[in-house]
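Student: I would like to go through the labels used for this structure and see what each one rests on. Please set the values against the cut-offs.

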Amino acid sequence: MSGQAILIIDDEAVLARNIATYLQRLGWTTQIAGSAEEGLDLYPSFRPDIVLLDHNLPGQTGLDALVKLRAMDAEARVVLMTGNGGIELAVSAIKQGAADYLAKPLALSELRLLLERLLAQSRLQSRVEYYRQREADHSGLDKIIGESSQVTALRERICLIVGAERQLSDDNPPSVLIQGETGTGKELVARALHFGGARASQPFVELNCGALPPQLIEAELFGYEKGAFTDARQRKIGLVEAASGGTLFLDEIGEADPATQVKLLKLLEDRSFRRLGGIREQRANVRVIAATHRPLEQMVREGRFRADLYFRLRIIEVPVPALRERGTDVLLLARHFLQWHAQRYRRELPELGEELLLPLQRYPWPGNVRELRNAIEQALLLAPGPRIGLREFGFLSTASSQQLPQGSGDDDDADDLNLERAERRLVQRALQRSGSNVTQAAKLLGISRDTLRYRLERLNLRDEDAA
């Protein structure tokens, strides 16, 4: 306990000196005040870790001083002491913010154990706050990098959602569904919604629904009681309880099995859940944000996703653009990741060769921002000097030789720079080349089959005959 400070406020001078002597031997720095008024004057300059406060004082009582100490410093950790007063006084002290309560006469060994416990709690709280703040620092709206109209619109939508939620008259923000291809930064959007909103100081808890077997997802989400199944040796709280007061982020919600979908629907509709093996309903104060790269609307039509859950999740929808739709953002992000990785590896910041700029923009980036980040890291490690060129991005020249022809022989098409129409033409051409085989068309376009199906739906193109 060396280096910790304690302020002892007690008018019993002999007792106060005995406590101070005992704690000094343990390495504490101590100061003594004989009244509440003196203690309140000492607190701002001494800044103790813990205040040991007697209740029966001349002038102001200990409870009066407790209220003023907490008003002065909301983080003040105060232990109230009294020779009489009983349970009612203890309850009042805890309600006013006391960290604990001790009855006189004091046993110094018990006092030591109490102080050690309070310090351990304080250290744990400090660590939690450190990691929470670090998460917040890496999760703001400014971390969504880009200057394209698509990213500008995305940031504006997030600001509108966050602003509206701050005006809510209740504590029940709407669920949000984030949709976009793999690697586009859906988790970053979810974090911006949480850490920019009214629940920023509360937990942000995430679960990837595709990363666990279906039989484990329910236990992870809702927890379980002792004996709920063979290996359930003790009660375990789930992520819903861990996220209480904050946000539960369900990534890849399209992978959730039917049983989990039913439980999630109950959570959203009733704001309640039940642990596995439990008989009591638990209330849930949690905000749900879900994300998927799969076309949920199509999955609903095909009976692979519950329609009622889909509409519950999609109260607010946030589409995240693919990297190839973001124009020169590719270069902006490439330079950002290059600087980031250079700092990580303690390397001098290399430059991107001019011959690399156009291929970087033309490449379709099927893995989106994540693929670009990884490609930049590899290029940095392979570059022998202060310059990165095409040699470090061999796949770019390979991709260029396999790209579909940019023109169809129609001058009007060649001059048409509308992005959606150009995308429609490319998708149609890929389907024609592949004989309406979605898998082969996706390979020609350099994207996944699910991504192509999502685009077919968004562009309202028929694919019923596709294999």
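Student: What makes E1, helix H1 and E2 a right-handed β-α-β unit?

Tutor: A crossover is right-handed if, with the strands pointing away from the viewer, the path from the first strand over the helix to the second runs clockwise. E1, helix H1 (residues 13–25) and E2 make such a unit. Helices (H or I, at least four residues) and strands (E, at least two) are DSSP runs, numbered from the N terminus. The model is predicted: local features need pLDDT of at least 70, side-chain atom pairs count only at pLDDT 80 or more, and totals for chains, interfaces and linings use all residues. Residues are numbered from 1 along each chain as its sequence is written, and side-chain values use heavy atoms, with hydrogens and water left out.

Student: What is the order of the strands in the open sheet, and which are the edge strands?

Tutor: The order is E2-E1-E3-E4-E5, with parallel pairing. E2 and strand E5 (100–103) are the edge strands, as each pairs on one side only. From one strand to the next the twist averages 20 degrees. Strand E4 (residues 78–82) and E5 run parallel and are joined by four bridges; Thr82 stands opposite Ala103 in E5.

Student: Why is E1 called mostly covered?

Tutor: Five of the five residues of strand E1 (residues 5–9) are buried, where buried means under 20% relative accessible area, exposed over 50%, and partly exposed in between (1.4 Å probe, protein chains only). Ala5, Leu7 and Ile9 point one way and Ile6 and Ile8 the other way, and all are buried.

Student: Why is helix H7 described as largely enclosed by the rest of the structure?

Tutor: Eight of the ten residues of H7 (residues 186–195) are buried, so the description applies. Among them are Lys186, Arg191, His194 and Phe195.

Student: Why is the pair of Phe195 and Phe204 called tilted?

Tutor: Rings of Phe, Tyr and Trp (its six-membered ring) pair if their centres lie within 6.5 Å; planes under 30 degrees apart count as stacked, over 60 as edge-to-face and the rest as tilted. The centres of Phe195 and Phe204 are 6.0 Å apart and the planes are at 40 degrees, so the pair is tilted. Both Phe195 and Phe204 are buried. Phe195, Phe204 and Phe249 form one aromatic cluster, and the whole structure has six aromatic pairs.

Student: What kind of pair do Phe337 and Trp340 form?

Tutor: A tilted one, at 6.5 Å centre to centre and 55 degrees between the planes. Both lie in helix H13 (residues 329–344), three residues apart. Phe337 has a relative accessible area of 9%, so it is buried; Trp340 has 38%, so Trp340 is partly exposed.

Student: How do you know that the charged end of Arg344 sits over the ring of Trp340?

Tutor: A charge sits over a ring if NZ of Lys or CZ of Arg is within 6 Å of the ring centre and within 35 degrees of the ring normal. The charged end of Arg344 is 5.5 Å from the ring centre of Trp340 and is found to sit over the ring.

Technical notes
Pairing = 2+ DSSP bridges. Axes fitted to C-alpha atoms, helices over the stretch in contact; angles between N-to-C directions.
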